[in-house]
Amino acid sequence: MEPFFINIFFKPIEIDFGYDKFRLLMLIADFLVEQMQMNIDMEGPERAWPPLSEKYARWKMKNYPGKGMLRLTDALYHSIHPDIDAAQMIAAAETGDLPYAELHEEGGANVPARPYAYLTSRGESELSMLVENFFESEW
């Protein structure tokens, strides 16, 4: 299964304007990782997740007390990592090769969608400020 990810694309820049593309893309990719992890921690801000089934919720409470949704083993949470392609100006946060990452995001086969790979409206504003602050500090 392919990794599931959030991509932020930028128009390729042909002229070197004197800024560090790699540093900018890493700042953005790191931010996207934080956003995906925050969405898991908050169990779907702006896109409230459906509750666990009663049976599964009881089992999880007994065997994994205090663990939130999508945090049973934390494999998904800790698989989220930054990825960049400076040549194509792509910054991404993606999951590892977990077969269930996309299933949780999109749902299917008795598993309701619990989307975590998106920017909240606050995240969009914060990302804009991050990029703006980067360019202000570069010039």
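Predicted model: local features only at pLDDT ≥ 70, side-chain atom pairs only at ≥ 80, totals over all residues.
A residue is called partly exposed here if its relative accessible area lies between the limit for buried residues, under 20%, and the limit for exposed residues, over 50%. By this rule Y56 is partly exposed, because its relative accessible area is 32%.

A search of the whole structure finds three aromatic pairs. In one of them, the ring centres of Y56 and W59 are 5.6 Å apart and the planes of the two rings meet at 25°, so this pair is classed as stacked. Both residues belong to helix α2, where they are three residues apart, or about one turn of the helix; this helix covers residues 54-63. W59, like Y56, falls into the partly exposed class, since the relative accessible area of W59 is 39%. A further ring pair joins W59 to Y64, with centres 5.7 Å apart and planes at 50°, and this pair is therefore described as tilted. Y64 is also partly exposed, because its relative accessible area is 32%. Through these ring pairs, Y56, W59 and Y64 are linked into a cluster. The three residues can also be considered from the side of the surface, where Y56, W59 and Y64 make up a nonpolar patch whose accessible area, taken together, is about 280 Å².

Attention now turns to the charged side chains. Four salt bridges are found when the whole structure is searched. One of them is formed by the side chains of D41 and R71, with a distance of 2.5 Å from N to O. This pair links distant parts of the chain, since D41 is in helix α1 (residues 21-41) whereas R71 is in the loop between α2 and α3 (75-79), and the two residues are 30 residues apart.

R71 takes part in another salt bridge, with D74, in which the closest N and O atoms are 2.5 Å apart. D74 in turn forms a salt bridge with K67, and for this pair the closest N and O atoms are 2.7 Å apart. With a relative accessible area of 12%, D74 is buried, whereas K67, at 33% relative accessibility, is counted as partly exposed.

E105 presents a contrasting case among the charged residues, as E105 is buried and yet has no salt bridge. The nearest side chain of opposite charge is that of R47, at 5.0 Å, and this pair is not counted as a salt bridge because the distance between the nitrogen and the carboxyl oxygen must be within 4 Å. The side chain of E105 does, however, reach the backbone nitrogen of Y116, at 2.7 Å. In the chain, E105 is placed in helix α4, which is made up of residues 101-106.

The backbone is considered last. Most residues other than glycine have a negative phi. Against this background, E43 may be noted, as phi of E43 is near 55°, which is a positive value in a residue other than glycine. E43 is located in the loop between α1 and α2, and this residue is partly exposed, because its relative accessible area is 28%. A positive phi is also found for N110, again a residue other than glycine, with a value near 65°. N110 lies in the loop between α4 and α5 (121-138), and N110 is counted as exposed because its relative accessibility is 85%.

Terms used
Residues numbered from 1 in each chain as written. Heavy atoms only, no water. Helix = DSSP H or I, 4+ residues; strand = E, 2+ residues; numbered from the N terminus. Buried < 20%, exposed > 50% of the residue type's maximum accessible area, 1.4 Å probe, protein only. Lys, Arg positive; Asp, Glu negative; His and termini not counted. Polar contact = N/O pair within 3.5 Å; in protein donor to acceptor, adjacent residues only side chain to side chain. Patch = residues over 30% accessible without salt bridge, like charges linked within 9 Å, V, L, I, M, F, W, Y side chains within 5 Å. Areas by Shrake-Rupley, 256 points an atom, 1.4 Å probe, with all protein chains shown as cover. Phe/Tyr/Trp six-rings, centres within 6.5 Å; stacked < 30°, edge-to-face > 60°.
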